[in-house]
Amino acid sequence: MNAPSRIVRRKLDLRNGCVDLSHGSGGRAMAQLIAEIFHPAFDNRWLRLGNDQAVFDSPPGRLAMTTDGYVISPLFFPGGDIGSLAVHGTVNDIAMSGARPLYLTASFILEEGFPLADLKRIADSMGAAARAANVTIVAGDTKVVERGKADGVFISTAGVGVVPPGLDLSGDNARAGDVVIVSGTMGDHGVAIMSCRENLRFDTDLVSDSAALHGLVDCVVGAAGQSLRTMRDPTRGGLAATLNEIAHQSGVGIRIVESAIPVRPEVAAACELLGLDPLHVANEGKLVAIVAADGAEAMLAAMRAHPQGAQAAIIGKVVEDEHHFVQMTTAFGGDRIVDWLSGEQLPRIC
Amino acid sequence: MKYVDEYRDGSLARAIASTIRAEARPDASYRFMEFCGGHTHAISRYGVEDLLPPNVRMIHGPGCPVCVLPIGRIDDAIRLASMADVTLCTYGDLMRVPASGGKSLLQAKARGADIRMVYSTLDAVRIAEVEPTRKVVFFAIGFETTTPPTAMAILAAERKGLNNFSIFCNHVLTPAAIQNILESPEVRSLGAIRIDGFIGPAHVSTVIGTRPYEFFAEEFRKPVVVAGFEPLDVMQAILMLVRQVNEGRAEVENEYIRAVSAEGNVKAQQIVSTIFELRDSFEWRGLGLVPFSALRLREKYGRFDAEKLFSIETAPAQDNPACECGAILRGVKRPVDCRLFGSVCTPETPMGSCMVSSEGACAAHWTYGRFRQHVSNRERAAQ
């Protein structure tokens, strides 16, 4: 994302202008787009240097690295937009290792004709989310594809963070007897997105829970210490997918209790109406933690003391099970499997 | 959530369960068929069977509209959707149903067929309205519950003067299917399956009422209890069936009085009979050709009938020979009796229709209940 320093050109029309193919051609138009939209939004010393890469000192400790793509529809939704979501999603993937997120990169695939005003809104929101999460977007890329070959804007990100010494969280760490904790209500993001989809649209005050969780993670790691086994953010596929992943990675079973799982009434109602299971619906600002039983209460208390974990709850435990089933005691009193989602519940949720 | 939580209350469920345990005679066994996939789904999802005594067992019936649709009709839909000027609108759960030659609507869509998933028939009418150059066909399936919305779509298309909207009609009738099961050799003479009573449909009965079931109660001496789709409805209905059996009664009772009357929704019935008429016969997966068991558009509405407009003549098509969907739909076999179940046939790669719809017996057992077979294996091993 390097912009030549002398550009003789009229300013971008950020009110009525739109992206055209020249904005991805590597010429002056692209440099102007970067200089007038992305640099002000992400401003930092690496971008100002104008190199093709960011060079920075690596802090001591192990590095955590991740990558993610964002294709959400609609681009703007209650509680966020594709820009803030891209930052939150990447920050969270890093933070789940216990790492402190440091740097992100962002690559934009823009569709010819996309309004510059919307692009600026997304870039500004992304910059604000990055500053709030204390991470820096140090490199980027912009490509433009012909009209109809994309849907407005797609963003892909990468991120790095540094893991505190002595911490080794991994999905294969869960052991029989461990406790399963969620940080709050399940399904808010997915239902908020559905509520504004063209073919579903329904009225609700619900907003996406999209948020950076590194602060909550700090609290959790501080309180649980060595008793923390693993953390994961239950995004696509919801809590069900996350628990199944952990069960398979660790070679264990998981037993949860339906009545212990926090779900907002409006999410439960929307799921009821649409025939969905809240446990399959995506979250973008929640985490699942597996913790040894002796650290569970301390961790729950620490989570609840943090604003992002006020509704945290113990929802179940890890058990021995050669089939690696995730099983749930229903509120009704019977037992059932909580399976991965089959097929596609809702495309382009993040 | 009001009007929902009340019907999923665990303590009430335990109370009904203990009454069932107390009233079910220990020396007798009770085998009831829940006709509807909605009940099958509720039983599996809420773990209703865990609350029942061992001598009260449920047999899953054929009441899953996706499951009973024969392969030939899916082949027809794929052929329709592959026509350059046709837009096929369908409910989402039909997309993955396996058709002949390993095809499906989902694959046809990926290869470029214009197939749109809709949530209501009126969405399809709207597509026809805003895209007048497309021939929009709605793939109509379902029992009496979904027939009135299809009828409403035709009336809406007529009112709007649309000449690019049609229905590929696959609507089927519940009473005909129940009668077919009761008259099947397995039930009637061979005694391969014993059915002591039926849990009658919930949503279907809101439309047709409880009267149509009286024939079964009288003719076949089988109690019928119409019940809602919530798990407490199912528990209550099971208790009512146990009582009927114990008292030697075979009556139609209505547990779902908050939504179902004896007459049903007369207005919906009138609209349906204005537009549809009985077919002489229709093929059901699992049941074969069932006389007077399905509807087609009346001559007067022929211009909305995709079968006429596109000269559809359904060719016979074979299920996978190892697939037991047919026997499972008749209640003769259980999902675990099928060799394909859980090995090559899972919701991700369904071989048969019962594994596709969430109301299908195989999908319900796989998704919610497959731990049970391992539990029972363990218990057997321990003995």
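This is a predicted model: local features need pLDDT of at least 70, side-chain atom pairs count only at pLDDT 80 or more; totals for chains, interfaces and linings use all residues.

Trainee: How many helices and strands are in chain A?
Mentor: Chain A has 9 helices and 13 strands; helices (H or I, at least four residues) and strands (E, at least two) are DSSP runs, numbered from the N terminus.

Trainee: What is the radius of gyration of chain A?
Mentor: The value is 21 Å, close to the 20 Å that the globule rule gives for 350 residues, so chain A is as compact as a globular protein of that length. The radius is taken over C-alpha atoms, and the rule is 2.2 Å times the number of residues to the power 0.38. Along its principal axes, the C-alpha trace of chain A spans about 70 × 50 × 35 Å.

Trainee: On to the sheet: what is the strand order in chain A?
Mentor: The order is β8-β10-β7-β11-β9-β12-β13, an open sheet of 7 strands with mixed pairing. Two strands pair if DSSP finds at least two bridges between them. The edge strands, β8 (228-232) and β13 of chain A, each pair on one side only. From one strand to the next, the twist averages 25 degrees.

Trainee: And how does β8(A) run relative to β10(A), parallel or antiparallel?
Mentor: They run antiparallel, joined by 4 bridges. Met231(A) has Ala289(A) in β10(A) as its bridge partner.

Trainee: Which helix packs on that sheet?
Mentor: Helix α7 (residues 238-250) of chain A does, touching β7, β8, β9, β10 and β12 of chain A. The direction of α7(A) makes about 130 degrees with that of β12(A). Axes are lines fitted to C-alpha atoms, for helices over the stretch in contact, and angles run from 0 to 180 degrees between N-to-C directions.

Trainee: How do α3(A) and α4(A) cross?
Mentor: Their axes come within 7 Å and cross at roughly 30 degrees. The two helices are therefore roughly parallel to each other, a term for angles under 35 degrees. Residues of α3(A), including Ile82(A) and Val87(A), meet residues of α4(A), including Ile122(A) and Met126(A). By class, this contact has 8 nonpolar, 4 polar and no charged residues. Ala, Val, Leu, Ile, Met, Phe, Trp, Tyr, Cys and Pro count as nonpolar, Asp, Glu, Lys and Arg as charged, and the others, Gly among them, as polar.

Trainee: Changing topic, how many residues does each chain give to the contact between A and B?
Mentor: Chain A gives 20 residues and chain B gives 25 residues; two residues are in contact if their C-beta atoms, placed from the backbone, lie within 7 Å. On the side of chain A, the largest share, 4 residues, comes from α8(A). That side divides into 8 nonpolar, 8 polar and 4 charged residues.

Trainee: In chain B, what is the angle between α2(B) and α16(B)?
Mentor: They pack at about 10 degrees, with their axes 9 Å apart. They are therefore roughly parallel to each other.

Trainee: Lastly, which residue takes a positive phi in the hairpin of β11(B) and β12(B)?
Mentor: Gly286(B) does, near 95 degrees, in a hairpin with 3 residues between the strands. β11(B) and β12(B) pair in the antiparallel sense over 4 bridges, and Trp284(B) has Gly288(B) as its bridge partner.

Technical notes: Residues are numbered from 1 along each chain as its sequence is written. Chains are lettered from A and ligands numbered from 1 in the order in which they are written. Angles under 35 degrees count as roughly parallel, over 145 as roughly antiparallel, 65 to 115 as roughly perpendicular and the rest as oblique.
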